[in-house]
Amino acid sequence: MTELSLTRATLEARLCQIGVDRYHDKHPFHHRLHSGHCTMDEVQAWVINRWYYQSRIPMKDAAFLSRCTDPDLRRIWRSRIEDHDGGEHEGGGIRRWLKLAEGVGLDPDYVASGRGVMPATRFAVEAYIRFVRDEPLIAAMAASLTEMFAPAIHTARIEGLLAHYSFANPTTVSYFRHRLGEAPKDVAFTLNWVLDRALTRADQEAALGALTFKTEVLWAQLDALWHGYVAGNIPPGAWRPGEGQL
């Protein structure tokens, strides 16, 4: 028997519940970071590995745009690339992240090279790019809805970093401040798009599965960081404390 479609309100509630249950704000690494208990080695490892994710977001969005036949959707979605890449000479989330890298004592060129990124980080991020490139548009778009839950973690991160770490200042936390304004705009469009078009139960389950998958991508990156730099099991090829310093 074919399952009945969910109502719009029920689908939205279930998407939101995924964040309550699975978003990476609950990971112990974030609690450690935001409470000031991370060592500088752990902070640097986080900055290096999270950079890889940030740097691939525009590539993920470019892969998505290459599939869009609707010019109106392309016009709206391409702002995401501009938000991260910025203009030719200034602006953009990637440049702001490299300011954070510099602030924690890392050579931005080393971070941007990607040489110190953990294998598990690469695997998780590349899996996300492939998902967005290959899955149906509803699933590809729904995967980005982790942005619904991002403002709360950005707020906690700004407060925690400024309270506990000497490197934290308006320049080094500027990435997170900008995302407080950018993410809600993206969410408002994407959530409505998914809710408007995920009308069959199959499409609705695909959207829910996609968002679950994305939370796992984010969680897996933090699991790897914890295993490597808190528990002390740094894998071959990953950054070693003392490398890539200014």
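I count two rings of Phe, Tyr or Trp (its six-membered ring) as a pair if their centres lie within 6.5 Å, and I call planes under 30 degrees apart stacked, over 60 edge-to-face and the rest tilted. The model I am reading is predicted, so I note that local features need pLDDT of at least 70, that side-chain atom pairs count only at pLDDT 80 or more, and that totals for chains, interfaces and linings use all residues. Residues are numbered from 1 along each chain as its sequence is written, and side-chain values use heavy atoms, with hydrogens and water left out.

**Entry 1: aromatic rings**

By this rule I find 11 aromatic pairs. I looked up Trp-46 and Trp-97, whose ring centres are 5.5 Å apart with planes at 70°, so the pair is edge-to-face. Trp-46 belongs to helix α3 (residues 40–65) and Trp-97 to helix α5 (residues 93–103), so this pair ties together parts that are 51 residues apart in sequence. Helices here are DSSP runs (H or I, at least four residues), numbered from the N terminus.

Are these two residues buried or exposed? With buried meaning under 20% relative accessible area, exposed over 50% and partly exposed in between (1.4 Å probe, protein chains only), Trp-46 is buried at 2%, and Trp-97 is buried at 0%. Tyr-175 and Phe-176 also form an edge-to-face pair, at 5.4 Å centre to centre and 90° between the planes; Tyr-175 is buried at 4% and Phe-176 is buried at 1%. Ring pairs join Trp-46, Trp-97, Tyr-175 and Phe-176 into a cluster.

**Entry 2: helix α5**

I then listed the buried residues of α5, which include Gly-93, Ile-94, Arg-96, Trp-97 and Leu-98. The buried residues of this helix pack against α3, α4 (71–85), α6 (108–113) and α10 (174–197), where contact means heavy atoms within 4.5 Å. After α5 comes Gly-105, which has a positive phi, near 95°.

**Entry 3: α7 and α11**

The axes of helix α7 (residues 119–134) and helix α11 (residues 201–230) come within 8 Å and cross at roughly 165°. That makes α7 roughly antiparallel to α11, a term I use for angles over 145 degrees, against under 35 for roughly parallel, 65 to 115 for roughly perpendicular and oblique for the rest. Which residues make the contact? On α7 they include Ala-120, Thr-121, Tyr-128 and Phe-131, and on α11 they include Phe-213, Lys-214, Val-217 and Gln-221.

Notes
Axes fitted to C-alpha atoms, helices over the stretch in contact; angles between N-to-C directions. Helix = DSSP H or I, 4+ residues; strand = E, 2+ residues; numbered from the N terminus.
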